[in-house]
Amino acid sequence: MSRARADEEEYWHSSKFRAFTFDDEDDELSQLKESKRAVNSLRDIVDDDDDDLERVSWSGEPVGSISWSIKETASSSTSSLEGRDSSLQKGSSSYAAFPKQVSSYSLSSLFKGEFCLSFSALSDTGVKSYAPELRRPKAEYKDYSSDWSPKDTVRRMQRGKICSLERFRSLQDKLVLLDEAVAGHDGNVITAVLIFLKRTLKREILFRELEVRQVALCHLIHFLKETGEQKLLLDLLRLCFFSLSLQLSQYREHLNIQDVEKRREFLKGCIGLPFSAEDTSHIQDHYTLLERQIIIEANDRHLETAGQSEIFRKYPRKASILNMPLVTTLFYSCFYHYTEAEGTFSSPTNLKKTFKIPDKQYVLTALAARAKLRAWDDVDALFTTKNWLGYTKKKAPIGFHRVVEILQRNNAPVQVLQEYVRLVEDVETRLNLATKYKCHDVVIETYKDLKDRIQLTAYKCKVERGSAEEEKINSILNNMVRN
């Protein structure tokens with residue numbers, strides 16, 4: 001009896017398994033070594049007649065090896081959560097779930113795989129199953145990972161959403177993003193995109209693209225001033241100044257081209273230069289004006305040579321209209337083609353609409369042209385308007401005092417001058433103009449309305465004796481005495 005007890009104690013003390021300790025050696029490597037010893041020790045317990053056969057898994061590795069045990073454990077642990085929970089709670093390999101994919105030739109290899117699974121499950125379950133990863137809400141996570149277009153990205157940035165710009169990797173995508181930001185007219189978004197481009201693009205490429213994007217260029221210059229990046233700011237300003245000087249010098253070359261057709265083609269090529277939007281618009285208008293002048297010049301030269309137009313016979317042209325300014329072209333059109341329909345290139349209203357000439361400039365030019373021709377009916381029609389009731393009224397966007405000056409400069413008759421002097425609203429200005437241009441009727445009527453007997457008496461000395469104006473003043477003075 002004592003012999004059996006001694007053998008039993010010797011058996012348990014001689015076991016290759018060791019008890020649980022809190023030593024530092026109990027790491028993952030020691031667990032793997034312990035698992036290997038446990039697998040090898042099972043060879044003595046399980047009776048297997050095929051030990052001399054080499055057993056391999058579907059992956060080509062020997063069944064029972066450490067690498068095979070790890071792979072089998074990983075595949076089974078991801079597919080059998082219930083087996084992992086059971087092995088963790090009971091701490092026994094017999095309760096672990098069998099792996100779904102087991103490749104072996106004998107029951108012993110299957111048992112080995114099951115045993116290895118239990119040990120691996122104990123070491124991995126605590127990390128994978130019971131320490132969940134902390135993540136952002138899905139709705140918030142979309143702001144970082146969704147495939148937003150440049151336009152949608154700019155809109156979200158305008159609403160204060162956080163959007164990642166790192167996914168815009170190609171130069172084309174980055175430029176589209178910048179254009180969308182500029183189109184959105186949000187300075188904060190434009191600056192944010194410029195910071196991203198400054199960080200991800202080479203300096204030469206960034207400067208080259210900003211040359212044709214003046215709004216973004218101004219934002220970057222202001223940002224560099226605020227942040228104090230003086231070197232980059234100086235390089236940017238130096239490049240902009242050099243580029244602008246080069247463009248202006250190239251544009252000035254059209255002045256040296258004498259042939260009109262060659263100059264027109266040269267100006268057409270200048271439209272593509274990287275000027276600002278406003279300057280590009282001016283160059284486009286310059287090209288359109290020259291093209292229009294070429295057409296008008298060819299047509300009028302033919303009419304003048306053939307003698308088919310009365311106005312060209314009565315007022316021969318003194319110079320060509322080619323290469324003239326826009327105001328000169330408008331004056332020419334109002335002088336020779338005032339009554340033409342809007343559909344023709346030489347029509348004044350067509351020029352006004354094409355080049356967006358302001359009403360004041362148009363009225364001044366048309367008034368000077370028609371007054372030079374002494375076409376007083378056209379002058380009158382230029383200022384006559386009708387209201388919705390059909391009543392006519394004279395209205396001048398430039399002020400009637402300027403109308404009077406232009407008419408007097410073109411030797412308008414006193415009757416015409418007096419008509420427009422009366423329309424001057426300011427009494428003092430009206431009296432000054434009437435006195436200056438000897439519009440006696442206007443002066444007399446104004447003093448009469450003011451009931452100024454003294455001024456009427458004084459003005460009586462300035463008119464001719466026995467004239468109609470003197471008689472009118474005497475009649476007004478007599479009526480004042482009676483009243």
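1. Helix 18 (residues 359-372) and helix 20 (residues 400-409) have axes that come within 9 Å and cross at roughly 30 degrees. Angles under 35 degrees count as roughly parallel, so helix 18 is roughly parallel to helix 20. The crossing of this pair is right-handed. Please keep in mind that this is a predicted model.

2. Which residues of helix 18 and helix 20 meet? On the helix 18 side they are Leu364, Leu367, Ala368 and Ala371, and on the helix 20 side Arg402, Val403, Ile406 and Leu407. Sorted by class, this contact has seven nonpolar residues, no polar ones and one charged.

3. Helix 18 also packs against helix 16 (residues 326-336). Their axes come within 9 Å and cross at roughly 45 degrees, and the two helices are therefore oblique to each other. Helix 16 passes helix 18 in a right-handed crossing.

4. From helix 16, the contact with helix 18 uses Val327, Leu330, Phe331, Cys334 and Phe335. Helix 18 answers with Gln361, Tyr362, Thr365, Ala366, Ala368, Ala369, Arg370 and Lys372. By class, nine residues of this contact are nonpolar, two polar and two charged. Ala368 is worth a look in the viewer: it takes part in the contact with helix 16 and also in the one with helix 20.

5. Helix 16 has a part in the second largest pocket as well, where it gives the largest share of the lining, five residues. The space in this pocket is about 370 Å³. It is lined by 15 residues, and those closest to its centre are Arg317, Lys318, Phe331, Tyr332 and Tyr336. The lining divides into nine nonpolar, two polar and four charged residues.

6. Elsewhere in the chain, how do helix 8 (residues 171-183) and helix 9 (residues 187-200) cross? Their axes come within 9 Å, at an angle of roughly 160 degrees, which makes helix 8 roughly antiparallel to helix 9. Helix 8 passes helix 9 in a left-handed crossing.

7. Helix 8 brings Lys174, Leu177, Leu178, Ala181 and Val182 to that contact. Helix 9 supplies Val189, Ile190, Val193, Leu194, Phe196, Leu197 and Thr200. By class, the contact has 10 nonpolar residues, one polar and one charged.

Technical notes:
Residues numbered from 1 in each chain as written. Predicted model: local features only at pLDDT ≥ 70, side-chain atom pairs only at ≥ 80, totals over all residues. Heavy atoms only, no water. 1 Å grid on protein atoms, 1.4 Å probe; cavity = no way out; pocket = protein on both sides within 12 Å on 5 of 7 lines; lining within 4 Å. Points joined across faces, edges and corners; volume = space filled by probe spheres on them. Helix = DSSP H or I, 4+ residues; strand = E, 2+ residues; numbered from the N terminus. Nonpolar A, V, L, I, M, F, W, Y, C, P; charged D, E, K, R; others polar. Axes fitted to C-alpha atoms, helices over the stretch in contact; angles between N-to-C directions. Parallel < 35°, antiparallel > 145°, perpendicular 65-115°, else oblique. Left-handed = near helix turned anticlockwise from the far one by under 90°. Contact = heavy atoms within 4.5 Å.
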